[in-house]
Amino acid sequence: MHSFLINKKYVYRDKKGQLKPYAERNTGLFEIKEAKNEKTGGVGTQTLITPKGRETFKLLTKGI
């Protein structure tokens, strides 16, 4: 699924290798959440696919 999203220009990998959505393609398909690691104190972000995004990508990948 990751390669499909990257190839179709829905997401890209940032300098740290994390998946980030392209702003112009993020019409409610993705949600970015900030997270803190309690053990290390590190802070980062995580890209999640919304229910709308799951349905959209399910239809786009049907038959692939």
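Two rings of Phe, Tyr or Trp (its six-membered ring) form a pair if their centres lie within 6.5 Å, and the planes make the pair stacked when under 30 degrees apart, edge-to-face when over 60 and tilted for the rest. The legends below describe a predicted model, in which local features need pLDDT of at least 70 and side-chain atom pairs count only at pLDDT 80 or more, while totals for chains, interfaces and linings use all residues. Residues are numbered from 1 along each chain as its sequence is written, and side-chain values use heavy atoms, with hydrogens and water left out.

**View 1. Ring pairs link Tyr 10, Phe 30 and Phe 57 into a cluster.**
The structure holds 3 aromatic pairs. A pair of aromatic rings is described by the distance of the centres and the angle of the planes. For Phe 30 and Phe 57, the centres are 5.7 Å apart and the planes are at 40°, so this pair is tilted. Phe 30 belongs to strand 3 and Phe 57 to helix 2 (residues 51-61), so their pairing ties together parts that are 27 residues apart in sequence. Helices here are DSSP runs of H or I with at least four residues, strands are runs of E with at least two, and both are numbered from the N terminus. Are Phe 30 and Phe 57 buried or exposed? Both are buried, where buried means under 20% relative accessible area, exposed over 50% and partly exposed in between (1.4 Å probe, protein chains only).

**View 2. Tyr 12 and Tyr 22 form a tilted pair.**
With ring centres 5.0 Å apart and planes at 45°, Tyr 12 and Tyr 22 count as tilted. Tyr 12 comes from strand 1 (residues 11-13), and Tyr 22 from the loop between strand 2 (19-21) and strand 3 (30-36), so the pair ties together parts 10 residues apart in sequence. Tyr 12 is partly exposed at 31% relative accessibility, and Tyr 22 is partly exposed at 25%.

**View 3. The largest pocket has a volume of about 170 Å³.**
Which residues line the largest pocket? Among them are Met 1, His 2, Val 11, Phe 30 and Ile 49. On a 1 Å grid over the protein atoms alone, a pocket is an open set of points where a 1.4 Å probe fits, with protein on both sides within 12 Å along at least five of seven lines, and lining residues have an atom within 4 Å of a point. Grid points are joined across faces, edges and corners, and the volume is the space filled by probe spheres set on the points. Helix 1 and strand 4 (43-49) are the elements that give two or more residues to the lining, and strand 4 gives the most, with 3 residues.

**View 4. Leu 60 in helix 2 is in contact with Phe 4 and Tyr 10.**
Those contacts leave aside neighbours within four places in sequence, and contact means heavy atoms within 4.5 Å. The C-alpha atoms of Leu 60 and Phe 4 are separated by 9.8 Å, although the two residues are 56 residues apart along the chain. Leu 60 is partly exposed, at 39% relative accessible area.
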